[in-house]
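Here are my comments on the two-chain model. They are set out as numbered points, to be read alongside the coordinates.

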Amino acid sequence: MTHPMLAIPAALPAGSPWGAQTLAERASASQNLWVTAGYFLLAIVGVTVLLTLLGMVLIYVERKVAAHFQCRIGPKRVGPFGIFQTIADTLKLLFKEDFVPPQADQVLHILAPFLALLVPVVLLALIPYSPMTQIADLNIGILFVTAIGGFGVMGILIAGWSSNNKWSMIGAMRAGAQIISYEISATLALLVIVLFSGTMSLSGIVHSQSEGWWVWRGHAAGFTAFIIYLIASTAELNRTPFDIPEGESELTAGFHTEYSGLRFAFFFLAEFINMFTVSALTATLFLGGWMPFHVGDWAVLNGAMDAIPPGVWFLGKTSAVIFLIMWIRWTFPRLRVDQLMHLEWKVLLPIGIANLLIAAVLVLTNFYPFPH
Amino acid sequence: MGMIDTIAVETSERQIAGKTVAVSTVLRGRPPSYLRVAFSTVIGLLRGMKMTLGYFLSPEEIVTQQYPENRDTLRFPERYRGNLRFKFPNAEEHESHAALVTQVSQEAEVDAQHAAAWMHEDNGARWYHNCTGCGKCEAACPNASIKVITRHGEILDDRELDRFVWRLDSCMFCNACVQACPWDAIEMTAGFENAVYDRRLLVYNLNKMAGPRINLIQDEENPDVRKRMVERRDRYGGPVPLNGFGLPNLLPVPAPLPVDEAVDAMPGQEGSA
């Protein structure tokens with residue numbers, strides 16, 4: 001039972017660029033150097049446009065959602081329903097003084113925001129948005145995502161260290177401790193999915209969910225992994241309730257205290273793009289990515305679900321996860337540092353390891369609905 | 001998790017100084033089990049999420065108001081504390097700006113525009129007052145924003161209000177004067193648009209008439225005596241900084257209602273006549 005869109009490339013002659021499913025495959029399939037360069041350019045432009053659009057939309061949505069969770073209205077004056085508020089804010093940040101503290105490490109201070117933004121941009125290229133829309137599909141996708149995601153803490157640490165400021169330093173150290181701790185749980189949750197699907201490639205994981213999404217098809221193990229990954233990735237995003245690296249009430253603004261103007265905007269943008277990539281990965285790994293809602297071999301239901309385009313499925317699932325993360329942010333209070341460490345090392349890590357063992361037993365006994 | 005479980009509350013009686021006193025002993029100290037804490041934590045978090053989702057899904061809960069677009073339909077909280085004014089007997093306590101304009105224009109029989117100008121001038125202060133000049137509001141005011149000036153009334157041979165000077169510029173709207181008033185003579189209103197170009201405009205008389213309480217005027221049966229009991233007081237007369245000054249571009253103060261007409265228009269006259 002494969003998706004009807006996947007049947008199209010098989011009918012094409014071998015060597016045709018349309019037989020490929022990612023931009024990278026198409027680029028390597030073409031014999032013309034200019035076409036390859038064109039695909040390369042298309043990938044860069046696509047990611048840039050996506051980055052800009054996501055930044056604008058997500059910041060606006062966050063403000064609107066936060067307002068309605070707090071009985072307010074939110075942005076309303078700039079443009080219809082305030083949709084141009086983000087542009088106005090960006091223009092304001094653009095015109096602010098670009099200040100680097102005299103005692104700061106000049107090179108690293110300027111470099112840090114770009115490092116912070118680099119991680120989500122690289123991850124944007126790996127996500128399968130639909131069967132035919134993906135820039136590169138690595139066969140070690142999960143490993144690459146984990147490695148690059150771990151690199152994200154570098155930008156924050158460098159920002160805090162190079163600012164030569166106590167608050168920045170403490171915030172960066174907290175962020176380092178937090179992200180490195182929670183990466184363990186996040187990786188354990190990802191391993192559960194790797195066990196279930198038997199592949200590390202992101203689009204392979206999506207294909208493995210054609211009989212049902214792992215969040216419910218993996219019994220309690222899949223659901224537990226979903227919850228653990230959601231908590232751990234929220235902590236890696238430095239979002240409330242895990243925002244102690246920024247902790248306004250105690251650290252001014254944490255690692256980006258000394259940043260102003262457009263460099264601050266880069267950190268801000270990185271946070272929101274990170275939120276998108278985490279939500280997209282959650283949707284891809286646990287909620288089936290672009291795969292429509294299929295239940296085993298129920299042809300009627302599966303056929304009806306196939307009528308909705310895969311891109312819409314992906315967008316809907318990602319939006320739902322983003323809303324969930326925002327909902328959590330505007331409901332829960334911030335954790336203390338010791339509570340944060342308690343939650344990771346004494347709660348999530350034991351549950352994650354036990355969950356991995358249970359998942360291994362499930363896979364070995366082939367004990368889940370609609371086995372292959 | 002620093003939760004302490006309350007096991008039970010034991011009540012007993014003890015003799016203290018010859019009296020029997022009920023003593024409650026709360027037995028605490030046994031921490032709840034790990035699973036119980038985990039369960040109650042998750043339940044608590046879910047309850048919080050349910051509550052915020054309720055707010056998210058119900059637009060009628062939104063408290064933000066789009067001032068000044070909704071200036072005529074402003075909603076005020078029940079206990080909103082705005083400008084001080086004399087309370088008119090039996091008047092509605094909380095009115096919108098528009099309703100206030102309508103009411104003032106009907107009372108004084110002027111058009112709405114005139115009434116609005118009037119309201120800007122005196123926050124809709126009433127023609128008659130329930131004030132005896134006892135000065136309890138003045139004593140209660142923490143900022144010394146109120147100065148009650150009394151005089152000796154010739155006809156009733158008693159103390160009566162001459163001027164009620166209020167300093168809006170030093171008032172912090174604590175409502176202590178309203179709570180201190182034994183006669184329920186003053187109230188805090190929904191008026192809040194107080195911007196002026198000269199701060200001397202912020203110190204003024206609240207009362208429109210010098211004289212005794214409205215009940216004492218109504219008890220007098222002779223109309224001529226009633227008219228001699230009250231005396232017109234204007235907003236910036238008496239010991240206020242603006243007294244004697246003329247300000248250019250000042251909002252035109254409406255002509256005061258003649259005392260005779262005001263007394264004739266007094267409510268409740270048929271009861272005493």
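Predicted model: local features only at pLDDT ≥ 70, side-chain atom pairs only at ≥ 80, totals over all residues.

1. Strand S4 (residues 146-153) of chain B and strand S5 (residues 158-167) of chain B run antiparallel. They are joined by 8 bridges.

2. Which residue stands opposite Arg159(B) in S5(B)? His152(B) does. Between the strands of this hairpin, S4(B) and S5(B), there are 4 residues.

3. Now the helix pair in chain A. Helix H12 (residues 261-286) of chain A and helix H14 (residues 310-329) of chain A have axes that come within 8 Å. The axes cross at roughly 120 degrees.

4. On the H12(A) side, the contact is made by Met275(A), Phe276(A), Ser279(A), Ala280(A), Thr282(A) and Ala283(A). H14(A) contributes Phe314(A), Lys317(A), Thr318(A), Val321(A), Ile322(A) and Ile325(A). Sorted by class, the contact of H12(A) with H14(A) has 8 nonpolar, 3 polar and 1 charged residues.

5. Last, the contact between the chains. Chain B supplies 11 residues and chain A supplies 9 residues. How do the residues on the side of chain B that touches chain A divide? There are 7 nonpolar, 3 polar and 1 charged.

Conventions
Residues numbered from 1 in each chain as written. Chains lettered and ligands numbered in written order. Axes fitted to C-alpha atoms, helices over the stretch in contact; angles between N-to-C directions. Helix = DSSP H or I, 4+ residues; strand = E, 2+ residues; numbered from the N terminus. Contact = placed C-beta atoms within 7 Å. Nonpolar A, V, L, I, M, F, W, Y, C, P; charged D, E, K, R; others polar. Pairing = 2+ DSSP bridges.
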